[in-house]
Amino acid sequence: LHAVAEVDEFDALKVKLGQKCEITTDAHEGIIAEGTIVEIEPQMDRKRMVGQWAGERNDTFSRKIRIALESSVEELPIGLPIEISIQTAEK
C-alpha cells in the first residue's frame, strides 16, 4: 500500500529517500499510518493535487513522492484526503 503526495517547491529539496512519515486524515483522530519515502520524482511540475483549504497556494510547482505504508495499516479507501508529515531532520 502506497500514499502519493506532492511536496511544495519550498520544501522540495528537504525530502530524501528513506525519510519516515506520519499520515493523518480529518476522517480519523490521530495517526492512521506510518511509512517511508521510497520514490521521489526528479522533475518539478505544476501543482495538481489540491487540499481546498483557505489560503492554499495553487500557483506553485511541486515534486511528487511515493510513500510505502507499513503493512499493519488497515485498508484505506483510494482517494482519501490525507496529510503527510515528513521527518526531515534527525531528532
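Modeller: This is a predicted model, in which local features need pLDDT of at least 70 and side-chain atom pairs count only at pLDDT 80 or more, while totals for chains, interfaces and linings use all residues. Residues are numbered from 1 along each chain as its sequence is written, and side-chain values use heavy atoms, with hydrogens and water left out.

Colleague: What makes up the secondary structure of the protein?

Modeller: The protein has zero helices and six strands, and along the sequence the pattern reads β-β-β-β-β-β. These elements are DSSP runs numbered from the N terminus, a helix being H or I with at least four residues and a strand being E with at least two.

Colleague: Why is threonine 25 called buried?

Modeller: Buried means under 20% relative accessible area, exposed means over 50%, and partly exposed lies in between, with a 1.4 Å probe and protein chains only. Threonine 25 has a relative accessible area of 11%, so the residue is buried. It lies in strand β2, residues 20-25, and, leaving out residues up to four places away in sequence, threonine 25 touches Ile32, Leu80, Pro81 and Ile82, where contact means heavy atoms within 4.5 Å. Buried residues make up 24% of the 91 residues in the protein.

Colleague: Why is glutamate 22 called partly exposed?

Modeller: Glutamate 22, also found in strand β2, has a relative accessible area of 38% and is therefore partly exposed. Not counting residues up to four places away in sequence, glutamate 22 touches Ile31, Ala33, Glu34, Glu83, Ile84 and Ser85.

Colleague: Which residues have the most contacts inside the largest nonpolar core?

Modeller: They are Val15, Ile23, Ile37, Ile65, Ile67 and Leu69, in a core of 13 residues. Strands β1 (2-8), β2, β3 (28-40) and β5 each supply at least two residues of this core, and the largest share, four residues, comes from β3. The term nonpolar core denotes a set of buried Ala, Val, Leu, Ile, Met, Phe, Trp, Tyr and Cys residues joined through side-chain atoms within 4.5 Å.

Colleague: What makes arginine 66 and glutamate 39 a salt bridge?

Modeller: A salt bridge requires a side-chain nitrogen of Lys or Arg within 4 Å of a carboxyl oxygen of Asp or Glu, and the side chains of arginine 66 and glutamate 39 meet at 3.5 Å, N to O. Arginine 66 lies in strand β5 and glutamate 39 in strand β3, so the pair ties together parts that are 27 residues apart in sequence. Arginine 66 counts as partly exposed at 33% relative accessibility, as does glutamate 39 with a relative accessible area of 39%.

Colleague: How many salt bridges does a search of the whole structure find?

Modeller: The search finds two, and one of them joins the side chains of aspartate 11 and lysine 14 at 3.3 Å, N to O.
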